[in-house]
Amino acid sequence: MATAETRLAETPQTGEMPPAGGSPSLLNRLLKPFRRGVPPAPRRATGFYTDTTVCIGCKACEVACKQWNQLPADGLEWTGNSYDNTGALSATSWRHVKFIEQFPLDGSAAAADPEGPERDGARLSLDLLPDVPTPGRWLMMSDVCKHCATAPCQQACPTGALLHTEFTNVYIQPDICNGCAYCIASCPFGVITRASFDGHAHKCTLCYDRQRDGLVPACAKACPTQSIQFGPIDELRQRAQQRVEELHKRGVPSAYLYGDKPTAQYSPLHSFYLLIDSPSVYGLPENPVNPWVHMLGDYARSVVSALVMIAALLIVLYLGSH
Amino acid sequence: MQADSHPQASSSHYASGPVTKAPNWHALVAWDTMFNGMATGLFVVASVGELARPDIFTHVVTLAYPAALLLLFADLTCLVLDLGDPLRFHHMLRVFKPSSPMSLGVWCITIFSLFATAVALLTLLPIPDGPGLQWARRLVIGIGLVPALLAAIYKGVLYSTSSQPLWKDARWLGGYLTASTLVLGCAEMLLLATFLGSPEAVNMLRHALVVLLLLGSAPLAPFCWEVRKDLARMNRGKLSRAGLLSIGVGVLLPLCLLLAGSQVSLELCAALLVLVGGFVTRLEIVMAPHALS
């Protein structure tokens, strides 16, 4: 780590210490969440642009994120899914590198190695890759919270724990969250998880603490290929568009940006991606929908149901007397 | 956000799996949904009954309002215990955010609990008779109907305003659960009226339950149609049993029993079956994202 970062890491956390003793501690616990500070002035919106075409799957981003945020280890469980042994984003894994192997499952591979490992009902040999007539490819992508401009998790949160920071990133205040899990139910990307060790929801903070000190998020800092790029979101979008155009000229017509622009049913993402296959191949929803699009209609139907049932009850009660 | 087509050679492990994560809501939340329906449904039916026909229901509500309050306590207990950090339950009152169904629900339940407590106390405590006090009591009951109804309505909307499989496509889930809440309330009133030996109330509630069971099933059709693909994906064996219990035991059988004749045993059985069917339905709804992920 750079000297400045080392010093920063050693700086003790500032903030109020809770008073000692039983009753004051209980009072503090009851009242402190209701206190409000002065919100910081808005600053230029920042985010991530992840160019998956240059990701090498090194997982430096996963390691850097865990190290900086002091996230506990998840143990080691072989998933059997390529080199992905993290499995999914979770309360203790805020970065997750995905590996998508796309190699032919046609008869050429099967005939060449009938004893090879089976996959999806066809035999696929890993030993004969260089000789396979149709070259395959390996897609890698570092998944993270999308920091949606209009985040369903933030809309859902009943405690106000989830908010947009001055950098327009989505942040969970760890001292406010009570683990109701409605944010988990609302997220269309499956990002947030509730931790078993404290019962609170956790996710990528976009290194809010590092940003406030003028530093780059740990994952972007660690990424050796600059697959993960951090900066003002408008600059990132321009840069990403240029990269897409470049790839198109270089014979990759399938390159496109995912989440850079709003759709009819979802806001833009402040962590958007350059992909070269369908979103579902990367485990992303093809067309994410903000659940709040339907909320008013759902309320209307419920109110109508209630009124119809009460009207029917009243009719029976009055008719009953006659 | 679609890519140009690429000759994809093999399927992606991620494409075949779920994108969303199911929330940590299990049987405790099913019980919360049930107790919420029972408490609000009982209060609403008791209130409507007392305000519309005080001559018939005044005796029944002496038990109904305290029972609704006890059910509300059970509901609140389930809600608090289900939190990841139950000691922070009061953080729910930190903000008033009506755009969040859960925030609106918490506030409505909180306000409803005040009215439910007031009405239960007015019912249980010996209060001198007088037209002024009677009107005051009716006013409290009438105003209390609003948070009670909202507390009944928010639950289904909370589920459908999410990204979870089955819930996210269920535009009629809120409508169905709200109607079901009133059916539960009517069944509970019937149980109480039978227990208290109020034949006029029993007779009226029996007719009301038949009508509400039929009407309350109406939103079920569009709900099932909306989520037919997810229902088909769920385990067929389990679905058959759940469907049998929800609709057969919870609706059809009670209807038959109620229409069979006016007998205490039939009425009691019908009311209990409605409650059982109501719980099974709620359990299936709450567990659906887990079954589909």
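Reader: Why is α2(B) largely enclosed by the rest of the structure?

Author: Because 22 of the 26 residues of α2(B) are buried, where buried means that 20 or more other C-beta atoms, placed from the backbone, lie within 10 Å of the residue's own. Bear in mind that this is a predicted model, where local features need pLDDT of at least 70, side-chain atom pairs count only at pLDDT 80 or more, and totals for chains, interfaces and linings use all residues. Residues are numbered from 1 along each chain as its sequence is written, with chains lettered from A and ligands numbered from 1 in the order in which they are written.

Reader: How do you know that α2(B) spans close to what is expected?

Author: From its first C-alpha to its last, α2(B) reaches 37 Å, and 38 Å is expected for its 26 residues. The expected span is 1.5 Å times one less than the number of residues.

Reader: What makes the crossing of α3(B) and α4(B) left-handed?

Author: The term applies if the near helix is turned anticlockwise from the far one by less than a right angle, and α3(B) with α4(B) is such a case. Their axes (lines fitted to C-alpha atoms over the stretch in contact) lie 9 Å apart at about 145°.

Reader: Which residues make that contact?

Author: Among them are B:Y65 and B:L69 of α3(B), and B:A116 and B:A120 of α4(B); contact means C-beta atoms within 7 Å.

Reader: How many residues does each chain give to the contact between chains?

Author: Chain B gives 67 and chain A gives 80. α7(B) gives the most to chain B's side, with seven residues.

Technical notes:
Axes are lines fitted to C-alpha atoms, for helices over the stretch in contact, and angles run from 0 to 180 degrees between N-to-C directions. Helices (H or I, at least four residues) and strands (E, at least two) are DSSP runs, numbered from the N terminus. Two residues are in contact if their C-beta atoms, placed from the backbone, lie within 7 Å. A residue is buried if 20 or more other C-beta atoms lie within 10 Å of its own, exposed if 12 or fewer, and partly exposed in between; C-beta atoms are placed from the backbone.
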